[in-house]
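Here is a friendly walk through a two-chain model, with the main points grouped by topic. Have a look at the structure first, then read on.

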Amino acid sequence: MNTSPNNTPGSTRVSDPGYSRSSTQPFYWSVRRELWENRSIYAAPLIVAVVVLFGFLVSTVGMPQRRQAVLLLDPAHQRAAIGAPYDMAAMMLIFTAFIVGVFYCLDALHSERRDRSILFWKSLPVSDLTTVLSKASIPFVILPLVIFGIIVLVQFLMLLWSSAILLPSGLAATTWTRFHLFQQSVILLYSLIVIVLWHAPIYGWALLISGWARRATFLWAVLPLLAIGVLEKFAFDTSHFAAMLKDRLFGAADTAFAFQPHRGVAIDSLAQLTPGRYLSTPGLWVGLAFAAAFVAIAVRQRRYRGPI
Amino acid sequence: MATIEAGGLRKTFGTTVALDGIDLRVEEGRILGLIGPNGAGKTTALNAILGLTPYQGKLRVLGRDPWNERDQLMQDVSFIADVAVLPRWIRVTHLLDYVAGVHPRFDRTKAESFLAKTTIKRTSKVRELSKGMVAQLHLALVMAIDAKLLVLDEPTLGLDILYRKQFYDSLLNDYFDHSRTIVVTTHQVEEVQDVLTDLMFINRGRIVLECSMEEFDSRYVEVMVNPEHVATARALKPIHERPVFGRSVLLFDHVDRDQLAALGEVRRPSIADLFVAVMSNNANQPQPSHEVTAHQGTTAR
């Protein structure tokens, strides 16, 4: 580069008074900035958590009598019946994280153009790559971590409450022995990683559209996909595209877990996790390649973007 | 090395030519005013300088290519676009945290001391501040950055007179020194007349006038001509004529001052008067037969 410091005639000041790039952390602060702006990242899961806990509280009325009846079933059905509210709570919170993540991404590169603040952000020494990656880190890293913490906390509180309810009838231990919080947390972490990797192209697509569309990002993200599906149906009377979308939304579990017959969707043993099978699914890698491409286009596109 | 160096800078939007081959050289320590009518290409030129838009032609800012090196360039360049670009949702403390976290040349204590002179609360969100306070906040941030080039695009648009005056006063007293360079565009030409060191008029994507303020003061003279001398004065080819209280005020370029003093009251022209003169002449250029002062001359008695 031709920015050598001796090239500035007339400047009597020291050319670089001890400032160094390493003392700044553009990525870290950009992620914090996203959390300041989008409080829904943690507020929405917390609200859902409160609702779930309240629902559980109500459902524990008459629990000791029902628990007596459950304990007469065979062990597999006992686990299913006792663990069901915990699995349900986890699923609702994971679904919340997905919704928050998609809507966050649809707005991430749009709101800064809408409120013209992109002119301010671009006046700072932060590259488009850092900015877009910090935004992408929200659905890929921050939300899964937030939701993991909240789910574990919610399940722990549920366990405490059910123990308190069951204590007088001497059944308090029956939940802890059938719903192993630590093992379930490991399964939960695995599930979250599996789901976020599977959904990566969805988040990437939403980011891309949020940086591209001038308005109505949700419609721009969804309508073209619907249109392709409908056109395919009319033209060839097939629905491969729709099947592909459905697989992208819900397909992660098929390869990542080995479901036991007669046990429904409950995963209660580490042996049911099949990471090898999941990692060798071509769909995973195709999806990740698309996600990387979408994010790369979003980075490139932000260079050209100004206020709208 | 000049702070800004452009050669044949060109930018088109479809068939509209926003910048039509601009050559520009801004040296360190100058305060350049870029003046032009709406749609003249001022903002496009600034956007190119700031790396916000791609362009054709040659452009170096502090030795860098702005389009490909925006993030490195922004360590040494600050930028205030019209007042409303600070994100409305952010808190003042968070804004300071963020800039301190990403900008290696930001001095937080300096920013805090500028803010201490205002009534801005640290806990306020930007949306709770008045327009004038947002401008003060942005200025406090920018003045705490040890930048080599400051670009201001209509920085005082929509502010009341007090804030506008204060804005340029702080900039000159607490920020500017001769190792910095400032480029400013504004429609409020009267308030920057005594601030600028250089003046540039831009119209339809071209530079139509370029001079230093010393040159401006020596070249241009305005004369309120005594009625009996109007014909003599017109013979000296004024670049513009306008009637004021029934008398003719003529603007001359490169005409001997003593000779003019004999014709009436000699004054320093304002940038606004010169701007009107240059722009109306510029507008008449496509019709060469049209005399320069004709349309104004007919309205004078």
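Of the 308 residues in chain A, 32% are buried; a residue is buried if 20 or more other C-beta atoms lie within 10 Å of its own, exposed if 12 or fewer, and partly exposed in between, with C-beta atoms placed from the backbone. This is a predicted model, in which local features need pLDDT of at least 70 and side-chain atom pairs count only at pLDDT 80 or more, while totals for chains, interfaces and linings use all residues. Residues are numbered from 1 along each chain as its sequence is written, and chains are lettered from A and ligands numbered from 1 in the order in which they are written.

**Chain A as a whole**

- Chain A has 14 helices and zero strands, where helices (H or I, at least four residues) and strands (E, at least two) are DSSP runs numbered from the N terminus.
- The C-alpha trace of chain A spans about 90 × 60 × 35 Å along its principal axes.
- The radius of gyration of chain A is 25 Å, whereas a compact globule of 308 residues would have one near 19 Å. This radius is taken over C-alpha atoms, and the globule rule is 2.2 Å times the number of residues to the power 0.38.
- Among contacts in chain A between residues at least 6 apart in sequence, 80% join residues at least 24 apart. Two residues are in contact if their C-beta atoms, placed from the backbone, lie within 7 Å.

**Where chain A meets chain B**

- How many residues does the contact take from each chain? Chain A gives 31 residues and chain B gives 31 residues.
- On the side of chain A that touches chain B, the elements giving two or more residues are α1 (26–37) and α6 (118–121) of chain A.
- The most comes from α1(A), with six residues.
- By class, this side of chain A has 10 nonpolar, 14 polar and seven charged residues. Here Ala, Val, Leu, Ile, Met, Phe, Trp, Tyr, Cys and Pro count as nonpolar, Asp, Glu, Lys and Arg as charged, and the others, Gly among them, as polar.

**A covered strand in chain B: β3**

- In β3 (31–35) of chain B, five of five residues are buried.
- Both faces of β3(B) are covered, with Ile31(B), Gly33(B) and Ile35(B) buried on one side and Leu32(B) and Leu34(B) buried on the other.
- β3(B) pairs in the parallel sense with strand β7 (residues 181–185) of chain B, over four bridges. Two strands pair if DSSP finds at least two bridges between them.
- Gly33(B) stands opposite Val184(B) in β7(B).
- Strand β8 (residues 198–203) of chain B also pairs with β3(B) in the parallel sense, over four bridges, and Leu32(B) has Asp198(B) as its bridge partner there.

**From β3 into helix α1 of chain B**

- Gly41(B) sits in the loop between β3 and α1 of chain B.
- Is Gly41(B) buried or exposed? Gly41(B) counts as buried because 25 C-beta neighbours lie inside 10 Å.
- Beyond its neighbours within four places in sequence, Gly41(B) is in contact with Ala18(B), Leu19(B), Gly36(B), Ile202(B) and Gly205(B).
- Gly41(B) and Ala18(B) are 23 residues apart along the chain, and their C-alpha atoms are separated by 5.1 Å.
- Helix α1 (residues 42–49) of chain B has eight of its eight residues buried, including Lys42(B), Thr43(B) and Asn47(B).
- After α1(B) comes Gly51(B), which has a positive phi near 75°.

**An open sheet in chain B**

- Four strands of chain B form an open antiparallel sheet in the order β11-β12-β10-β13.
- β11 and β13 (264–267) of chain B are the edge strands, each pairing on one side only.
- Strand β10 (residues 220–225) of chain B is joined to β12(B) by six antiparallel bridges, and Val221(B) stands opposite Phe252(B) in β12(B).

- Most residues other than glycine have a negative phi.
- Ala216(A) has a positive phi, near 50°, and lies in the loop between α9 (181–212) and α10 (217–236) of chain A.
- Ala216(A) is partly exposed, because 13 other C-beta atoms lie within 10 Å.
- Phe245(B) also has a positive phi, near 50°, in the loop between β11 (240–244) and β12 (247–253) of chain B.
- Phe245(B) counts as exposed, because it has 6 C-beta neighbours inside 10 Å.
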